[in-house]
Amino acid sequence: MTATQPARRWHAAYALLPAGLARDVTFEITDGRFTSITPDSSPAGAQLLPGVVLPGLANAHSHAFHRALRGRTHHGGGTFWTWRDGMYAVAARLDPDRYLALARATYAEMALAGVTCVGEFHYLHHAPGGARYADPNAMGEALRQAAAEAGIRLTLLDACYLSGGLTADGHQPLGDAQRRFSDGSAENWAERVDLLAPSEGMRIGAAVHSVRAVPREALKTVVTAAAGRPLHVHLSEQPAENEACLGWYGLTPTGLLAAEGVLGRRTSAVHATHLTDADIALLGRTGTVCCFCPTTERDLADGIGPARALRDAGSPLSLGSDQHAVIDLIEEARALESHERLDSRRRGRFTLAELLSAATNQESLGWPDAGRLEVGARADLVAVRTDSVRTAGTAPDQIVMSATAADVDTVIVDGRMIVQGGQHRLGDIASLLRDAIEPLWEDQ
């Protein structure tokens, strides 16, 4: 039995508690949980935190290996589909050791940005060509180790991926680059996922890659295997996906997922960009979480999804950095509002509390006891400086509208200090990223 650790006390001039902005807040942490949170208190005997303290941020949608694509995909403009060719090229060069190095650095970059939990949408399962490693979950285990060393919690959303695409004529065979993503059948996928075990810092979830990659007859197998766990799915990211699904199944992707029982409160629909009014109503009525990735959606020219309409219909929102063109959950939250402003030509589409709620939604990742500064919750907190050139003069309760990841000073995860003074415990993260990424582009 683990001995109880001595309580530690931290003091912040400002903190965004569930009831709103509070002043002079003392946090007491014991065994990784908040045991008391006291506003209007003295800092005596407590370690001081700068600026405004936020709950731990949640990156609800990540593809760790896509971090290697940042600043590499813009020659000639390109499209989502040409970007995907670059993604396949990087994937072909990754093995468990290289993946560990890249994911560790990427997750450490997330920690520097205030992320305390990540949902990894994991489909890079096997060796190039599709052969299994001796441990069929070697790539997933690399992600487990990477998150542990970076100091953040992980929800491994293991993705079923069975076909190479969908057209109006049906599902297409896997391409050579896609073979390592696939287990051959939904049953084989479920058997492999069943070999994964949760651990202190990792939950096991599931994912339907998309209606393009998982035929209708396989969806129920995935839903059954995912029972009681988070289930995520890429949804209507591109109009071409909608057209193909309508042409083959006579249903929108949302309609198809609803018909096969995929939607629900444990399910997160990622992107949800190109939806009909009926799709929005279905997602809202089932309480399906909608995960927006604004910096990716604009980088790939995907479009602006109906975030406000989905929230009004009943869908909770979460946020992710997806392909990591930017790793900054504060920016993702701000972009959620900014994109709505561009689309509607109105300001204030989301309240500041709604934006923070989306940026800290860890329940969608299977951690319902995290993402809030309250007694009994996991002791995650993020201190954001208010004295940088970006934040100087900002009203503390509006910090989300001015700060960036560069303003994150301190990050505590489950009561453990991961980032202090803007420095990660692993040291020089830029060097770790460079050393992991540059070899993947040699001779390309």
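## Before we start

Residues are numbered from 1 along each chain as its sequence is written. Since we have a predicted model, local features need pLDDT of at least 70 and side-chain atom pairs count only at pLDDT 80 or more, while totals for chains, interfaces and linings use all residues; side-chain values use heavy atoms, with hydrogens and water left out.

Let's begin with the strands (DSSP runs of E, at least two residues, numbered from the N terminus, just as helices are runs of H or I of at least four). 8 of them make an open sheet with parallel pairing, in the order 5-6-7-10-11-12-13-14. Strand 5 (57-62) and strand 14 (317-319) sit at the edges with a single partner strand each, so one side of each has no neighbour in the sheet. From one strand to the next, the twist averages 25°. Angles like this run from 0 to 180 degrees between N-to-C directions, with axes being lines fitted to C-alpha atoms, for helices over the stretch in contact.

What holds paired strands together? Strands of a sheet pair through backbone hydrogen bonds, either parallel or antiparallel. To count as a pair here, two strands need at least two bridges found by DSSP. Strand 7 and strand 10 run parallel and are joined by 7 bridges; Leu157 has Gly205 in strand 10 as its bridge partner. Strand 10 also runs parallel to strand 11, with 3 bridges between them, and Val208 stands opposite Val233 in strand 11.

Strand 10 is mostly covered, with 6 of its 7 residues buried. Buried means under 20% relative accessible area, exposed means over 50%, and partly exposed is in between (1.4 Å probe, protein chains only).

## Helix 5 on the sheet

Helix 5 lies across strand 7, strand 10 and strand 11, and runs at about 165° to strand 10. Which residues of helix 5 are buried? They are Ala218, Leu219 and Val222. Looking down the axis of helix 5, you'd find its buried residues within an arc of 115°, so they line one face of the helix. (The arc is that of the directions from the helix axis to the C-beta atoms.)

Contact here means heavy atoms within 4.5 Å.

## Helix 6, next along

Helix 6 has its own buried set: Glu241, Asn242, Ala244, Cys245 and Tyr249. They cover an arc of only 170° around the axis, which puts them on the same side of helix 6. They pack against strand 8 (165-167), strand 9 (170-172), helix 5, strand 11 and helix 7. Just after helix 6, Gly250 takes a positive phi of about 70°.

## Salt bridges

The structure holds 27 salt bridges, each being a side-chain nitrogen of Lys or Arg within 4 Å of a carboxyl oxygen of Asp or Glu. In one of them, Asp380 pairs with Arg153, and the closest N and O atoms are 2.6 Å apart. Asp380 is in the loop between helix 12 (352-359) and strand 15 (381-384), and Arg153 is in strand 7 (residues 153-160), so the pair ties together parts that are 227 residues apart in sequence. Asp380 counts as buried at 1% relative accessibility, and Arg153 counts as buried at 1% too. Both belong to a network of salt bridges that links Arg33, Arg153, Asp369, Arg378, Asp380 and Asp414.

Arg212 and Glu241 also meet in a salt bridge (3.5 Å, N to O). Arg212 is in the loop between strand 10 (202-208) and helix 5 (216-225), while Glu241 is in helix 6 (residues 239-249), 29 residues apart. Arg212 and Glu241 are buried. Another bridge joins the side chains of Asp183 and Arg192 (2.9 Å, N to O), and both of these residues are buried.

## What the record says

UniProt lists "domain: Formimidoylglutamate deiminase N-terminal" (unreviewed entry) at residues 11-46. That span is 0% helix and 67% strand, and its end C-alpha atoms lie 6 Å apart.

UniProt also places "domain: Amidohydrolase-related" (unreviewed entry) at residues 52-417. Over residues 52-417 the chain is 34% helix and 19% strand, with end C-alpha atoms 17 Å apart. UniProt positions follow the numbering used here, feature names are shortened, and annotations may be inferred rather than shown by experiment.
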